[in-house]
Amino acid sequence: MDSFSEIVSFGLHSSLRVAHSSFVFSTRLLGILAKLAKGEPNHREIAISLREAFSQLGATYIKLGQFIASAPSLFPIEYVEEMQACLDSVRPVHFREIRSSVERELGGKLETLFHNFEETPLASASIAQVHAAVTKEGLDVVVKVQRPDVHLTLKTDMQILGILTKVLEIIAPEFKKSGLTAMFQEFQTSILQEIDFIQEAKNIEEFESYLLKAKETRARVPRVYHTLSTKKVLTMERFYGVPITDEKGLKQFTDNPRKVLSDALEIWFSSLSNQGFFHADVHAGNLMILKDGSIGFIDFGIVGRISPKIWRGLMLFTQGIGIGEPTLVAKGLVEMDSTDSGVNPTLLAKELDSVFNELESVYVHLTENEMFDESKVNRIMFDMKEIAEKNGLKIPREFALLMKQMLYFDRYVKSMAPEINLFRDSQNFVIGKT
């Protein structure tokens with residue numbers, strides 16, 4: 001804790017949060033525990049009850065639902081599919097609370113800190129709210145402000161979840177076998193990093209350092225204004241442009257949308273290959289073409305880091321999908337594993353055959369310019385995980401993150417450059433290996 005007053009605030013806030021959580025647990029989660037205790041529980045029903053409880057409990061639990069939804073290699077498929085409904089969009093915080101937070105964090109009146117600060121938010125999510133503003137120097141910025149008391153709520157919720165995890169492992173040994181404690185620890189690390197805006201600023205500047213090192217002028221990240229930023233407030237340059245998926249809008253800023261997409265792919269794959277660092281949330285809103293024709297990468301709250309070993313495995317895996325060769329897919333999975341268990345890729349490929357056919361089906365639908373079914377992709381990932389584990393392999397969580405980013409990109413490719421086979425040709429987008 002930073003101060004005595006924060007300790008007191010945490011105690012009061014914690015007590016109220018525990019009371020509210022206890023009420024929700026008593027009405028929903030105790031029923032879940034009862035189902036688990038009976039043996040052979042209906043996991044679909046339990047997943048629905050959990051998702052409803054998460055929505056009722058707010059920030060931490062919505063994030064937990066999203067974590068489950070984004071990690072099909074870790075969680076049972078029923079939970080992964082149900083948690084797709086955990087949307088990170090919530091009622092905006094009243095502006096007076098935003099004003100109070102910004103003034104407390106930055107140490108001054110809003111009017112002395114900014115020339116203008118828009119009351120209506122540009123976006124509102126479970127962790128933070130984003131407002132447009134203009135600095136005293138006349139620079140257009142966006143200000144990301146943490147929701148009031150979210151850090152205290154998270155601390156309390158983490159304590160509750162830690163206890164719940166232990167209870168679940170006692171009542172239902174199947175959860176213990178699944179490594180629930182390790183999953184919780186990974187979630188805790190992930191969410192605590194996401195609410196640390198100083199770390200997000202470092203992520204932005206790490207990617208910027210890569211761009212400078214690579215002499216990459218085709219892309220930009222927003223400048224961070226450190227004098228107007230803290231752990232709970234992040235002030236950044238405001239980008240003006242359109243999402244990379246807005247083909248009509250793209251034509252305002254470039255006469256070659258296909259090249260813009262190809263450039264974005266080269267930059268993303270090259271940072272992954274050369275630095276082992278990647279933007280792990282490249283949905284349409286976070287990848288833009290700016291008015292000057294450059295590519296803008298924004299929102300670095302979620303990033304991934306991989307080892308050269310995982311990179312080599314990923315390349316084998318994607319090439320296997322691209323050319324229709326399950327043995328390469330199997331070799332890629334074996335390469336990504338860190339246990340060196342000596343699995344036979346040929347035997348693994350035979351067991352992966354049915355999953356491989358499903359994955360090919362998803363890819364064919366993408367080729368036909370359809371939206372990919374994320375729940376189907378999650379189910380394939382879960383099946384792949386089960387087969388891999390049965391063969392003594394452990395698929396890293398980063399693999400699921402990477403695959404989702406590639407599927408995002410593949411949707412853009414099929415719309416704007418259908419002649420590109422992203423999975424087959426992914427190695428071709430790597431430049432400037434250092």
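Student: Which residue in β4 stands opposite glutamine 129?

Tutor: In this predicted model, valine 145 of β4 is the residue opposite glutamine 129.

Student: How do you know that strand β3 and β4 are paired?

Tutor: Pairing requires at least two bridges between the strands. Seven bridges join β3 (residues 128–135) to β4, and the two run antiparallel; therefore they meet the requirement. The two strands form a hairpin with four residues between them, and glycine 138 in the turn has a positive phi of about 85°.

Student: What makes β4 and strand β6 a pair?

Tutor: The same rule of at least two bridges applies. Five bridges join β4 to β6 (residues 233–237), in the antiparallel sense, so this is a pair as well. Lysine 144 has leucine 234 in β6 as its bridge partner.

Student: Why is β4 called mostly covered?

Tutor: A residue is buried when its relative accessible area is under 20%. In β4 (residues 140–146), six of the seven residues are buried, and the strand is therefore described as mostly covered.

Student: What makes β5 and β7 edge strands?

Tutor: The open sheet has the order β5-β10-β9-β7, with mixed pairing. Its edge strands, β5 (219–220) and β7 (241–243), each pair on one side only. β7 pairs with β9 (residues 287–290) in the antiparallel sense over three bridges, and proline 243 stands opposite methionine 288 in β9.

Student: Which strands does helix α12 touch?

Tutor: Helix α12 (residues 257–275) packs on the sheet and touches β5, β9 and β10 (295–297). The direction of α12 makes about 40° with that of β10.

Student: How many aromatic pairs are there?

Tutor: With ring centres required to lie within 6.5 Å, the count comes to nine aromatic pairs.

Student: Why is the pair of phenylalanine 207 and phenylalanine 297 called tilted?

Tutor: Planes under 30 degrees apart count as stacked, over 60 as edge-to-face, and the rest as tilted. Here the centres are 5.1 Å apart and the planes stand at 55°, so the pair is tilted. Phenylalanine 207 lies in helix α10 (residues 197–213) and phenylalanine 297 in strand β10, 90 residues apart. Both phenylalanine 207 and phenylalanine 297 are buried.

Student: What makes phenylalanine 269 and phenylalanine 429 a stacked pair?

Tutor: Their ring centres are 6.2 Å apart and their planes are at 20°, so the pair is stacked. Phenylalanine 269 is buried, as is phenylalanine 429.

How values were computed
Residues are numbered from 1 along each chain as its sequence is written. This is a predicted model: local features need pLDDT of at least 70, side-chain atom pairs count only at pLDDT 80 or more; totals for chains, interfaces and linings use all residues. Side-chain values use heavy atoms; hydrogens and water are left out. Contact means heavy atoms within 4.5 Å. Axes are lines fitted to C-alpha atoms, for helices over the stretch in contact, and angles run from 0 to 180 degrees between N-to-C directions. Rings of Phe, Tyr and Trp (its six-membered ring) pair if their centres lie within 6.5 Å; planes under 30 degrees apart count as stacked, over 60 as edge-to-face and the rest as tilted. Buried means under 20% relative accessible area, exposed over 50%, partly exposed in between (1.4 Å probe, protein chains only).
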